[in-house]
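Please read it alongside the sequence and the coordinates.

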Amino acid sequence: MSHSDEPEAASKVKSAIAEVPLHVADGFMGEDFAADLCSFAAANEAEFKRAVVTRPNVARELDLATRRSFTFEGDLGELGERFMERVHGAGLFEKLAMEPVENPHHEFLLSAHRDGDFFTPHTDITVSDNRSFLGYDRLVTLTYYAHVPGARFAGGELVMHGLFGRGEPRVIEPANDRLVAFPSFAPHEVRKVAQPGAPFAEARFALTCWIGR
């Protein structure tokens, strides 16, 4: 039976179930933190490498048709400590109507999206044998955006998709000092960035933090 053949009430219920929780917080860390994060990224430009993807039975693979960006996987130092201190007091599990986790595990990834970069629809969880690649189960994805004033990029919106291919996509602009929180099982993508001729320091930076157990 196609979607158009379903009774209207049943279709509305399924669409409501398909819409995943989402929390957007502007001014989450403050402009000083956003500026510090951009400065840190620029100072560590040489440490950013092409982003990889995880596939069934493959822990890390370069696939530029699926994901194009640069990522930093090193130590964030006091920036990471400041971020987690803020996260712990923000009640994000409750805002997503999820059960809080005692002594949660967290993992950071700092990304830079430049001209032509994108990430096709995906989720942040691993299943079956791939769970061993991470060593923990991701529950919540936090994405924090930062860029320098006047950064010359366009695009790079986060698009949240409904489950089972249902519901209307929700588009979130990567505004400076904005946090987006959602369950890690939620399908999402990053739209292509346009940044011709601009330096690395003007990239669309995003600090992703996965919370799990």
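Glu61 counts as partly exposed at 28% relative accessibility, where buried means under 20% relative accessible area, exposed over 50% and partly exposed in between, with a 1.4 Å probe and protein chains only. The model is predicted, so that local features need pLDDT of at least 70 and side-chain atom pairs count only at pLDDT 80 or more, while totals for chains, interfaces and linings use all residues. Residues are numbered from 1 along each chain as its sequence is written, and side-chain values use heavy atoms, with hydrogens and water left out.

A salt bridge is a side-chain nitrogen of Lys or Arg within 4 Å of a carboxyl oxygen of Asp or Glu, and the count by this rule comes to 11. Three of these pairs are listed here.

| Pair | Closest N and O atoms |
|---|---|
| Arg55 and Glu61 | 2.5 Å |
| Arg60 and Glu73 | 3.0 Å |

Glu202 is buried, with a relative accessible area of 14%, whereas Arg60 is exposed at 53%.

In helix H3 (residues 78–88), the residues Leu79, Gly80, Phe83, Met84 and Val87 are buried; helices are DSSP runs of H or I with at least four residues, strands are E runs of at least two, and both are numbered from the N terminus. Seen down the axis of H3, these buried residues fall within an arc of 125°, so they line one face of the helix, the arc being that of the directions from the helix axis to the C-beta atoms. The face turned away from the buried side of H3 carries the exposed residues Glu81, Glu85 and His88.
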